[in-house]
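Open the model in your viewer and keep the sequence panel beside it. The tour goes from one selection to the next, with a short note on what is there at each stop.

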Amino acid sequence: MTSRQYAVSAGHKCEECGNIGTDVHHVVPIQTPEGWERRFDFTNLKLLCIRCHNKAHGRTFGGNGR
């Protein structure tokens, strides 16, 4: 439920580029002790589109960043 609430609070817009936001990203990764403790903390969340979420994780496809 937290991710849906966050998406609504962010106006369903990517907080990086302004496109439609689809993915709630954890700024401090939940795979870390601090990130796990902050997994529901809105200050640790960011709504991103798929492209910006992939960029945040260093994932690129096709050699052109898409």
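This is a predicted model: local features need pLDDT of at least 70, side-chain atom pairs count only at pLDDT 80 or more; totals for chains, interfaces and linings use all residues.

## Stop 1: helix α1

Select residues 2–9, which form helix α1, and look for Thr2, Tyr6 and Ala7, which are buried. Looking down the axis of α1, you will find these buried residues within an arc of 135°, so they line one face of the helix.

Just after the helix, select glycine 11, which has a positive phi of about 70°.

## Stop 2: an aromatic pair

How many aromatic pairs does the structure hold? There is 1. Select tyrosine 6 and phenylalanine 42 and show their rings: the centres are 5.1 Å apart and the planes stand at 85°, so the pair is edge-to-face. The two partners come from distant parts of the chain, 36 residues apart, with tyrosine 6 in helix α1 and phenylalanine 42 in the loop between α2 (33–37) and β2.

Is tyrosine 6 buried or exposed? With a relative accessible area of 8%, tyrosine 6 is buried. Phenylalanine 42, at 33% relative accessibility, counts as partly exposed.

## Stop 3: leucine 47 in strand β2

Next, select residues 45–48, strand β2, and pick out leucine 47. Its relative accessibility is 1%, so leucine 47 counts as buried. Show what surrounds it: leaving out residues up to four places away in sequence, leucine 47 touches a set that includes Tyr6, Ala7 and Ala10, as well as Cys14, Gly21 and Val24. Two of these names, Tyr6 and Ala7, are also buried residues of α1.

## Stop 4: histidine 25 in strand β1

Move to residues 23–26, strand β1, and select histidine 25. At 10% relative accessibility, histidine 25 counts as buried. Its side chain is joined to that of histidine 53 by a polar contact of 3.4 Å. Which other residues are in contact with histidine 25, leaving aside its neighbours within four places in sequence? Among them are Asn44, Leu45, Lys46 and Leu48, along with Ala56 and His57.

## Stop 5: the cysteines

Show the cysteine sulfurs. A disulfide is a covalent bond between the sulfur atoms of two cysteines. The structure holds 0 disulfides. Cysteine 14 is in none, and its nearest cysteine sulfur, in cysteine 17, is 3.7 Å away. Cysteine 14 is buried, with a relative accessible area of 4%.

## Stop 6: salt bridges

A search of the whole structure finds 3 salt bridges. Begin with glutamate 16 and lysine 46, whose side chains meet at 2.4 Å, N to O. This pair links distant parts of the chain, 30 residues apart: glutamate 16 is in the loop between α1 and β1, and lysine 46 is in strand β2. Glutamate 16 counts as partly exposed at 49% relative accessibility, and lysine 46 is partly exposed at 26%.

Finish with arginine 38. This residue forms a salt bridge with glutamate 34, the closest N and O atoms being 3.4 Å apart. Aspartate 41 forms a salt bridge with arginine 38, again with the closest N and O atoms 3.4 Å apart. Show Glu34, Arg38 and Asp41 together: salt bridges that share partners join them into one network. Arginine 38 is partly exposed at 22% relative accessibility, glutamate 34 is partly exposed at 45%, and aspartate 41 is partly exposed at 28%.

Methods: Residues are numbered from 1 along each chain as its sequence is written. Side-chain values use heavy atoms; hydrogens and water are left out. Helices (H or I, at least four residues) and strands (E, at least two) are DSSP runs, numbered from the N terminus. Buried means under 20% relative accessible area, exposed over 50%, partly exposed in between (1.4 Å probe, protein chains only). A polar contact is a pair of N or O atoms within 3.5 Å; within protein, one must be able to donate a hydrogen and the other to accept it, and residues adjacent in sequence count only if both atoms are side-chain atoms. Contact means heavy atoms within 4.5 Å. A disulfide is a pair of cysteine sulfur atoms within 2.5 Å. The arc is that of the directions from the helix axis to the C-beta atoms. A salt bridge is a side-chain nitrogen of Lys or Arg within 4 Å of a carboxyl oxygen of Asp or Glu. Rings of Phe, Tyr and Trp (its six-membered ring) pair if their centres lie within 6.5 Å; planes under 30 degrees apart count as stacked, over 60 as edge-to-face and the rest as tilted.
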